[in-house]
Amino acid sequence: MPAHATTVGSAEISREAGYLDRAREALRRMRADVVGTETPEHVSSDSDEVWFNTMYRLARARRREELTDLPEVPLFFGRLDYEPGTVAESDDRIYIGRRHVRDEAGTPLVVDWRAPVSTPFYRATTQDPHRVRLRRRYGFSDLGQLTAYEDEPLDHPAAESALVAAEIERPRSGPMRDIVATIQPEQDTLVRAPLRPSLCVQGAPGTGKTAVGLHRLAYLLYTEPERLTGGVTVVGPNRSFLSYIRHVLPALGEVSVRQRTVEEIFERTVTGADPAGAARIKGDARMADLLRRALWLHVREPADDLVYLQGSTRYRVDRGRVARIVADIRDSGTRYAPGREAVAQRLAHLVLVQMERRGATPDDRDHAAVARSRPVKQVLETVWPRLTPEQVLFRLLSDREFLAVAGEDLLLDREQAELLWAKPYRSARSAKWSAADVVLLDELAGLTDRTASLSHLVVDEAQDLSPMQCRALGRLCAAGSMTVLGDIAQGTSPWAADDWATVLGHLGQPDTELHVLDRGFRVPEEIIGYAARLLPHIAPGHPAPTSVRRSAGALRVTATDDLAATVARECRRHLDGDGSVGLIAADDDIVALCAALDATLLGRDENAMETDRLVCVPASLAKGLEFDVVVLAEPARIVAAEPRGLNRLYVALTRAVSVLHVIHAEPLPAALAGDDRSG
Ligand SMILES: Nc1ncnc2c1ncn2[C@@H]1O[C@H](COP(=O)(O)OP(=O)(O)OP(=O)(O)O)[C@@H](O)[C@H]1O
């Protein structure tokens, strides 16, 4: 018997809708319990009590938020009927949803999709049914009413699920939604992979990398909370992208995950900008060696002996001895700040040994006093001065001779000249730091002192990170694990990687497992075939993805003499359909096109996808986004705008779910031109 869908009106639908009502009522009660059973707080000025009260209030607020019923988000989306005796405490039938819901007696009404007992919903096949007899999927109206179901008995092969197909084919509008009801087996394997080793997912456009990364994080937070106490963060390429994905984790019940751009993960603020050449060099992996050298160049030979005076007694440590101590500690691989402290301690120790030889019995307090004494500090200021990251970078970017010494055989003269500030600032305090500088300051901070590590980091669009950004993320999560997502063919930054081993090396995660996703869920076959014409030029050897979506008339190419008028007319026409329309053009062209349409410009309004059906997208912000219809204006201008313009065009061409409409006045880029449907 093939899988089948049943529509509104059947008695079974009423029964299931009744079960949904019961589950909703139970959730309301669970929430009311949290709100109603408030434990009185201890009123006290004791800082432990204040801290406890704050934590308690935060935890309750979070729990209240987690238990909020969003009427348009169905409480369950599937059901498994197990063989009798498989599921202990229920009747071998479980409803699967985004969170646990239980009735007053504690009986589970809905089981969280992440629970082990839910796994067969995603994995069971006729060959390996996991003791499941029947898998049921549900269809819902936009308002969250249960309107259909579909049964798949696992004792014989079923036809493809119409409900899954409908979900994948659904016209898109607004921000990204979770895919929890339709996660595919190859995705589920990655979602439920253990916390370690780290995972890297290479996938062509629309294969679900972002979706997998976010669902994996939700899964890990559910299964391994005690191993994630150091915190988890999602890093994405820009604010517009983060705004696009921001509802996915909350919809899965995870309301407190931090989502940041690479720039936002640093504590320092960006106050300046770099010319392109300097920015490119500052992102280069050689900067790590340069900074290390620049910092350690400050460790020098002592000019004098250490002389410590106590009363009329002089204790002396000769400069040769001081130099050996400094060299020993420097060569031990210590970080800079603890190394400085270690020198102070060793010098103090030598002074104390001399005191003992003279019959004194100094204790720990004397040791500390000598280590903090003026003579020791004076020696330290010469041999191992106290330094901030800002002071070191300031010197490097403003002092030509210092840069030449640190950069010798690392950077070409031309590169050194590009690195130096054209107009140096007066001091480290008044310097304006660019986005690339902030990464360098973080690297210096990492050389200076140890920082706390997150437990897990999800890094999206990782192919674009500079080696120095990778190193910063690696430090941020030095003791944790990562989920690294990206597509080599979509690399557009000056540092875009050709292979994952290099990126993972810079991230400090060389033992990461690499997985490939190659089934596309966004872009119809016709469009992916068109975009794939670029692959031999931008990522030779990378196969085009297959697509699960076929949509006749998905690709249109229109030549015009009047680009602006044609673009405006077509954008308006496409708005007659159901879904969102994204107009993508080169960054320099989009503002004028947008003004003519009186539409919203992404970047100026980063939440535009949430509020508007027609959104104008600078090509540089298109990565990771999708629209039901994409109108792509003048591909040649996108290609000409930057060195990796063909990669940028590949990204822009792969954003459409239903229709891609290319409109051009200039000739199409040679790599794309061919026999297309015109209109
Ligand atoms: N199993 C699935 N069921 C339904 N929709 C899915 C599934 N997997 C992915 N999708 C949908 O396909 C689209 C693409 O997913 P996603 O953005 O995660 O892909 P991606 O690989 O990150 O793409 P890109 O590289 O272009 O950023 C999204 O609309 C997502 O919801």
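How far is the sulfur of C594 from the closest cysteine sulfur, and which residue holds that closest sulfur? The sulfur of C594 lies 3.3 Å from that of C616, which is too far for a bond, a disulfide being defined here as a pair of cysteine sulfur atoms within 2.5 Å. A disulfide is a covalent bond between the sulfur atoms of two cysteines. Seen from C616, the closest cysteine sulfur is that of C594, at 3.3 Å and again too far for a bond, and by this rule the count comes to zero disulfides.

The model is predicted, so local features need pLDDT of at least 70 and side-chain atom pairs count only at pLDDT 80 or more, while totals for chains, interfaces and linings use all residues. Residues are numbered from 1 along each chain as its sequence is written, and side-chain values use heavy atoms, with hydrogens and water left out.

**Surroundings of the cysteines**

Burial is judged by relative accessible area, where buried means under 20%, exposed over 50% and partly exposed in between, with a 1.4 Å probe and protein chains only.

| Residue | Relative accessible area | Class |
|---|---|---|
| C594 | 5% | buried |
| C616 | 0% | buried |
| L601 | 9% | buried |

L601 lies in strand β20, residues 600–601; helices (H or I, at least four residues) and strands (E, at least two) are DSSP runs, numbered from the N terminus. Leaving aside neighbours within four places in sequence, L601 is in contact with I590, V591, C594, C616 and P618, where contact means heavy atoms within 4.5 Å. L601 and L614 are 13 residues apart in sequence, and their C-alpha atoms are 9.2 Å apart in space.

I584 has V617 as its bridge partner in β21, and G582 stands opposite V630 in β22.

In helix α4 (residues 162–169), L163, V164 and I168 are buried. Seen down the axis of α4, the buried residues fall within an arc of 135°, so they line one face of the helix, the arc being that of the directions from the helix axis to the C-beta atoms. Their cover includes β6 (132–140) and β7 (146–153).

Helix α9 (residues 276–283) has G277, A278, I281, K282 and G283 as its buried residues, and these pack against α10 (286–296), α15 (389–398), α17 (413–419), α18 (435–448) and α19 (467–476).

**The chain as a whole**

The chain contains 27 helices and 23 strands, and 52% of its 679 residues count as buried. Its C-alpha trace spans about 105 × 70 × 45 Å along the principal axes. Among contacts between residues at least 6 apart in sequence, 74% join residues at least 24 apart.

How values were computed:
Two strands pair if DSSP finds at least two bridges between them.
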